[in-house]
Amino acid sequence: MTAIPETLRENVRLLGELLGDTLLDTQGPALFRKVETIRNLGKAVNLSDESDPQPLIDELAKLEDKDVLPIVRAFSHFLNLANLADQEYFASIEAAHRDSLDECLEQLVDDLGKDAVAKSLRSLNIELVLTAHPTEVTRRTLIRKFERISEALSDLRRTDLLDYERHELATELRRTVEEIWHTNEIRDERPSAIDEAKWGFAVIENSLWEAIPSFLRELDRNARRRLGQGMPIDASPFHFFSWMGGARDGNPNVTHKVTRQVLLLGRWMAADLYHKDIKTLGGSLSMNVASPELLKATDNSNTPYRDILHTLRKRVETTLDWAERRTQGENLMPPDDVITERNDLLEPLMLCYRSLQDCGMAHIADGALLDTIRRVHCFGISLVPLDIRQDSERHIGAIDELTQYLELGSYKDWDEEQRQAFLLEQLDSKRPLIPRRWEPSDDTREVLDTAAIIANEPREILSSYIISMAKQPSDVLAVALLLKEQGIDWNIPIVPLFETLDDLDRSVSVMDRLWSMPWYRTYCDARQTVMIGYSDSAKDAGKLTATWAQYKSQEQLVKLAANQDIQLMLFHGRGGTIGRGGGPVEKAMASQPPGSVNGGIRVTEQGEMIRYKFGFPRVAVRSLGIYVAATLRATLEPNAPPKAEWRELMESMSQASLKQYRAIVREDERFVPYFRSVTPEQELGLLALGSRPAKRKATGGVESLRAIPWVFAWMQVRLNLPAWLGARQALEHAEQAHPETLQDMVDNWAFFSSFLDLLEMVLGKTDNSVTAYYENQLVAPEYHSLGDSLRQDLDATVTLLNRIKRQQGLLEDDPLLAQSIQVRNPYTDPLNYLQAELLKRARKSADLDPDLVRALKVTIAGIAAGMRNTG
C-alpha cells in the first residue's frame, strides 16, 4: 500500500499525540489506556477484509456509562484533526504540483495557441453559490480554532524558523488542541437563517477576501509567462452568490424580513471590509505626484491620492453607519451618498490607479490598490448577491387565491394553455392586477412581500429568482407577474430548477416553449440560466439513472439554446456527497456534455464543502485554481459527443437501474421501516444542523424527506445506499448484453469513466460489517432479509466494478484516498458501534442520561467527519 506522504503522516501523528496528551492530562491514565486499547483494536479490524470486529465490539461493551462521552469525544476530535492534516497537506506546494494551473495553461497553449487560450481566460465566468444546507455539523467556534491549527501547521513547514519560534508554534498547537477539548462540539440551539448568512459572510472575510486577489496575482503571473499577456484589470473569473437568507423553499424560517436583514448585513459587512482596505490605502498612497485628471479632481492638492480616498472613505462610513442602524431596527431612508453600486467604489479607485500608472508608479498601482479593485469586481457592494428561491406551488397558490378573489375562476384548475394566456395578458397590461384592499392569506402575503423586497433593493445585491420544482413555462411567467405587481423596474433573471426525473425529461420542451414567446425573449434578453437538480433527481430515480437524465437534459438544452440564439448558463445544484452530485471538480467538469461549459458555469457549494474548499486562504487559492483549470479544459477541449452505441446501451442501463432502485425504495413495503430503524434518520433532529426542516412537509414518508438527511442517514451507517443502489443491475446488463461496448465506454467516455470513479469513491467508504451490526441491534427480525439482500447487492457491486475496471481492489488508482480512509477507519468504527448501542438505548428509554444523549450527538458529528461529508 502506498505510504502517506511524509508531511501528512507527520501532521497526523503530531495532532494525534497532542490530543492524547490532552486526554491524559484532563481525563487521567485509566481512560487514556481505554482509548488506546480501542484505537489499537480499531486498527486490527482494518488490517484486512477478513478481520473480525468482535474483539472491538466486546471491548466497547465493557465501557461504563461515565466513560462513553469522553471516549466518543476523543475519537471524534481525532477525525477532525486528521481532516485538518489532510487539508494542510493538499494545500501544500508538493500537492499543488499535481494539478497546477500553470501546467494546464502550458498544455492548452501547446494544443491551441496563445491567442485562443488568452481569449477564453479573459472571459471566464465561474459563479459559486454558497448555500447553508443542514450539513455543516462543526460549530463556528471550533472552525476558528481549526483555522489556527492549520496556520500553525503551515508555519511549522518553514525552514527559517528559530528554535524559540518553533517552540512557540508547538505551544500554540498544544494550547489550541486543549481549547478544542474543553469546548462543547455540539450546538445547543439550531442556527437561524441569519446566523447561517453570517457564517457565509465570515467565509468571505476570513478567507476569500485574501484568497481572491492572491489567486488573481498568481493567475496574472502564469498568464504573462504562458500567454505573453496578463489579466485585464477588470478581469473577474469568479463571482460569489448566496442562498443563505434567500432560499425559502420549504423553510418557513426564511421570511421577507429575514431576507431584508441579510441583504442589509451583506452591505454592512462589505462596507466594513472596504473601509479597512481604503484606510490602509490612504496610509500607503502618500505621493504628491499625480496625473492632471487626479489633480483636477482634488483641486491640485499636495496629497491627491489621500484626498480622493478620504472622500470615498466618508461615503463608505456613511453606508456602514446607515446599514448598521437599519440592521438594528431603525427605519431610515438611505442618505444620498450611500454606496448603491460598485461603480461608486470603482471610479475613485480607478482614478488613483490610472494616475499611478501614468506617473511611472506601476508597481505601487499593482499592489494593494489593485487588490482592492479586484475585490470590488468580485464581491461588489454586498459580498455575495442573494438568490431568492421558492417552490413553484407557492406561486401557483398565490395567483389562484387572487383569481378566485377577482371571480376569474381557479388558476389551479386551469390547464397550461389557459395559465399561459392569462399570465401573458397580465404581463402586457398596464393596469395593476392586485386590488388595493385585497387581504390575502399569510402564505400569499409572504410571497408578495418577498417580491416587494426584490423590487425595492439595489439590483446589484440580488442575483436570480429560482423556482424549485419547476414543471411548466407558466411557473416562470407566474414569478414575472408577481414581481411586476410589486413594482419591480428591472428584469431579474428567473431560473427554473428541474429536480425530478420527469422534470429533467420535460426541461427541453419547457424552455423551448418559453424561448419561443416574444414577451419572454424580450424579458430575458436572450440570456438564460437553467438549474439542474442533482439531489432530488438522484433520490427520485437512483444515482445512475439521474446522472444520465442530467446529462441528456443539459445536452439537449445546449443544442436548443444554440438553435434559439440564447446564451445559456447551466446552474449545477450539486451537493457535497456523490449521492447528491458531489465529487472532485475536475471529474465533474470533464464529464459535462460538449458545449455545456462555454466559458461559464454556476455551481452550488454546500455545507461543510465550503469549509473544506474555501475555509482557509491557501486552500481557497488552490481550489480556485482547480476550478479555472477544469473550466478552461472543458471549454477549450470538450469531449466528443458519445457514440450512438454508447447512448443506446446507457439508455437500457438506466432503465435497469431505475427498475431496481424503485423496486426497493418505492415498492418494497419493508424498505421504509428498515430505513427508519437501521439509520439514525429519526435522531438527526437532535443535532442543531441548520435553519431548514429535514422535510419539505411536516407529514409524509421518505418521499417528503429532503435529499440531504436522506444521504446523511445512510452515510452514518456506512451503507451509502443512495450512491450505488441500482448500479449493479445496470452494469450487469451492460456486461452481459454488450461487453465490448461497455469496455469502450470505460476506456473512452469521460462521462462514464467519471461516474465509475465516483461510484468507486463512495463504495470505498462503505462497510458491510458495520451496517450489519446496526441491523442486529436496531432492526426487527422480519426486516433482516432486506438488509441481507442490500449488503449482498453492495458486495456484488464492488466485485463487478473491480472486474469492469480491471483491478484487484477498490481505489487502486487513488492510493492517497485509500490511505486517507484507512487512517480514519480505526477511529470511525468505534463511533459506529457505540452509536448503534446508544440508538438502541435511546429508542427504549425516554429518559436517557443527558451525557449519553450528548454522546449520541457526538457520534453523529464524528462519523460525518470520518466520512469527510454529511449530506
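Biologist: Are F238 and F240 buried or exposed?

Modeller: Both F238 and F240 are buried, a word that stands for under 20% relative accessible area, with exposed meaning over 50% and partly exposed the range in between (1.4 Å probe, protein chains only). Before we go on, this is a predicted model, where local features need pLDDT of at least 70 and side-chain atom pairs count only at pLDDT 80 or more, while totals for chains, interfaces and linings use all residues. Residues are numbered from 1 along each chain as its sequence is written, and side-chain values use heavy atoms, leaving out hydrogens and water.

Biologist: Thanks! What makes the aromatic pair of F238 and F240 stacked?

Modeller: Rings of Phe, Tyr and Trp (its six-membered ring) pair if their centres lie within 6.5 Å, and planes under 30 degrees apart count as stacked, over 60 as edge-to-face and the rest as tilted. F238 and F240 lie 6.4 Å apart centre to centre, with 20° between the planes, so they pass both tests.

Biologist: And why is the pair of W710 and W714 called edge-to-face?

Modeller: Their planes are 85° apart and their centres 6.1 Å apart, so the angle falls on the edge-to-face side of the cut-off. The two tryptophans are four residues apart in helix α29 (residues 707–716), which means about one helical turn separates them. W710 and W714 are both buried.

Biologist: How many aromatic pairs does a search of the whole structure find, and which residues do ring pairs link into a cluster?

Modeller: The search finds 31 aromatic pairs. One cluster joins W209, F215, F238, F240, Y274, F379, F614 and Y627.

Biologist: Let's turn to helices. How do you know that α14 and α15 are roughly antiparallel?

Modeller: Helices here are DSSP runs (H or I, at least four residues), as strands are (E, at least two), numbered from the N terminus. Axes are lines fitted to C-alpha atoms, for helices over the stretch in contact, and angles run from 0 to 180 degrees between N-to-C directions. Under 35 degrees counts as roughly parallel, over 145 as roughly antiparallel, 65 to 115 as roughly perpendicular and the rest as oblique. Helix α14 (residues 342–358) and helix α15 (residues 362–379) pack at about 165°, with axes 10 Å apart, and are therefore roughly antiparallel.

Biologist: What makes α16 and α19 oblique, then?

Modeller: The axes of α16 (residues 392–405) and α19 (residues 473–485) come within 10 Å and cross at roughly 60°, so the pair is oblique. The contact (heavy atoms within 4.5 Å) is made by S392, H395, I396, A398 and I399 of α16 with D475, A478, V479 and L482 of α19.

Biologist: Why are α33 and α35 called oblique too?

Modeller: Helix α33 (residues 750–763) and helix α35 (residues 784–804) have axes that come within 11 Å and cross at roughly 135°, and they are therefore oblique.

Biologist: What makes E407 and D565 exposed?

Modeller: E407 has a relative accessible area of 73% and D565 one of 60%, so both clear the exposed cut-off.
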